[in-house]
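Subject: Structure handover

Hello,

Here is the structure I promised to pass on to you. Please open it alongside this message, and my notes follow below.

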Amino acid sequence: MISIGIDAGAKFIKAIVLKDEKIVAKGQILAGFEGKENVEKIYNRVMNEAGISPGDVNSVTSTGSGRKMVDFATNSVTDVTAAAKGALSLFPGVRTVIDVGAEEGRSIRCDNNGKIIDYAVNEKCAAGAGAFTESMARALEMSLEEFGSLSLKSEKEIPMNAQCAVFAESEVVSLLHAKTPKADIAKAVNDAVASRITSMVRKVGFEKEIALIGGVAYNVGFVKSIETDLKDKIIIPEYPEYVSAYGAALLIK
Amino acid sequence: MIDQFRDWEKNRHAYAKAWKEKTGGKVTGYFCSYVPEEILYAANILPVRILGSHEPQDVTEAHIFGMYCPFCRDCLAQGLKGKYDYLDGLLIAQSCLHIRQAYTSWIKHVPVDFSYYLPFPNNVQSPRAVTYLAGEIKAFKTAIEKWTGKEITDQDIRDGIKIMNENRNLIHRLYEYKKKENPPVSGEETMEVAISQQLVDKKEHSEALHKLLGSINSVPDGKNNGTRLMILGSENDDIPFIRMVESVKGTIVIDDHCIGTRYFWNNVHENNGDLITSIAERYINRPACPSKDWIIRTRIKHILQLAHDYRVKGAIVIQQKFCDPHELDIPAISRALNAAGIKTLFLEFDVTVPVGQFKIRVEAFLEMLQEEDIF
């Protein structure tokens, strides 16, 4: 039984191949302007890696904000369902799934049977998502990796308004002009994004265990900010950006 | 089947202008569903509900606060842009300050021949509310008589009540069909009927409703078989939103908002002594707008009953951005629905809604409701 999950996200398209529910290949590609072409590219790439052809594939499930681009999919689910399925399949004890991607943040609460009880998605502004962190790292002239680890070096708490990405960016510029150390600014940004996310987590209610998925989980500074805010340890899968694609692949049709 | 209603909804201004030309009568715009239209029909005046256009605008900033709800700003924009240039009069019954500001600014900047503010009691639960409102409706009637130069007789009022009651009865019958397993009309179609009810002459609307109800049994089953949803909240005439929900396999079977059931739910007793008092009783006892639903929050019981009668599986709770009365109600209503096993999805509406983003949320909500089939 071969199933493929394709998570067509706002920035990256992720694909994963399962053979009898075991991962045999995975890959990602920038969504770019030619989203549909890139869906096909990554689909072919992961099939090549798995050594299979389209005829071998039993099921293709699409998810993500661009899931309609996967017109050859046999099944399609929303990001919320795919994220919950993926995270709970990897960690059956998880009851709260936080998913932070490039443009959206989500918090999903599940019951003991793994069913979704409630969820929340960030409002129209991108302040609670990865693209915002990226632009802040750019403003500080550093890579995202540096941004994350530098943030860990600060103990300062600088309040920042992350209700709006534009306002937050102007606050960062003000801090730069005030010669605030970059580490403190990086931490302030991570704290602010984390606060946006945790307010959503609290809105839907949370219980242990908590998993963080999506590309932003690679930002170690953000993870620390979330853990500090929720006063709890967060589980981060080995490949957090692939969890929704993995969940989609498990939802066979 | 609903082409006529859709045409009225889409071409509301052309309809009102043509009505005026055809009848030589007066047309008044009204804000808020608490205006007692019975008196207007008694005076042969066409009442049309002032609604927004759902188009971005840049004309209200100088006249109304940015943190007043998008609906009242959208309504005011229609006046300032001259979309309702055919109106002879403009009316409002007190409900919330936001819509009152739209009214006040409108009559100041776009004067009309006749304007009237009806001080509707906010505490509708007071034992003195009916008496108070009856007095105000009498004063309103006198003002209309003075404006038109024609006395409104008891028979006229009786006729006005009959016109309104008949129309309300017919739309109730339409809503009855929505209790069926696969309702013959979709939420979108129902909304077209409900909106047009507030835009066109109710006598014509009732005729069209008669026709619709006569042909409704021939609608094949299985057309509207999505997950049964109710929609609650602030003013809502956002047809593209309803269409989107139903395009992803939701079926809106019932609502509690002032374009839908709150507008038409109860009738005036026609044989209950003083006619004006009967009209006052109807408006005091109708399903309340949250701006009036205190000290006891009566909406919860009513909404739970609707949810039960229409067998809803989930509720979409919408709020016009900055609508404080609804914002206050929503946590309590959502909690009551959740306790009754009905999951809720909260969405904040603006003049235009981000259909793409809302679609993902609605789809996720529907998946959550159907997860037995998914997982």
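**The sheet in chain B**

Chain B holds an open sheet of four strands, ordered β6-β5-β7-β8, with parallel pairing. Its edges are β6 (250-256) and β8 (343-349) of chain B, each of which pairs on one side only. Ignoring direction, neighbouring strands in this sheet are turned against each other by 25 degrees on average. Please keep in mind as you read on that this is a predicted model.

One place to start is Gly314(B), whose bridge partner in β8(B) is Lys343(B).

**Helices on the sheet**

Helix α10 (residues 239-247) of chain B packs on this sheet, where it touches β5 (227-233), β6 and β7 of chain B. The direction of α10 makes about 135 degrees with that of β6(B). Helix α15(B) lies across β5, β6, β7 and β8 of chain B, and runs at about 175 degrees to β8(B).

**Where α15(B) meets chain A**

Which helix of chain A packs with α15 (residues 355-369) of chain B? It is α2 (residues 79-90) of chain A, and the two axes lie 8 Å apart at an angle of about 50 degrees. The pair α2(A) and α15(B) is therefore oblique. On the α2(A) side you will find Asp79(A), Val80(A) and Thr81(A), which meet Ile360(B), Ala364(B) and Glu367(B) of α15(B). Sorted by class, this contact has three nonpolar, one polar and two charged residues.

Within the pair, Val27(B) has Leu46(B) of β2(B) as its bridge partner.

**Domains of chain A**

Finally, chain A is divided into domain 1 (1-78 + 242-253) and domain 2 (92-236). Taken over C-alpha atoms, the centres of these two domains of chain A are separated by 27 Å. Five residues from domain 1 of chain A and five residues from domain 2 of chain A make up the contact. On the domain 1 side of chain A, the touching residues divide into two nonpolar, two polar and one charged.

Conventions: Residues numbered from 1 in each chain as written. Chains lettered and ligands numbered in written order. Predicted model: local features only at pLDDT ≥ 70, side-chain atom pairs only at ≥ 80, totals over all residues. Domains from an automatic or database assignment. Contact = placed C-beta atoms within 7 Å. Nonpolar A, V, L, I, M, F, W, Y, C, P; charged D, E, K, R; others polar. Axes fitted to C-alpha atoms, helices over the stretch in contact; angles between N-to-C directions. Helix = DSSP H or I, 4+ residues; strand = E, 2+ residues; numbered from the N terminus. Parallel < 35°, antiparallel > 145°, perpendicular 65-115°, else oblique. Pairing = 2+ DSSP bridges.
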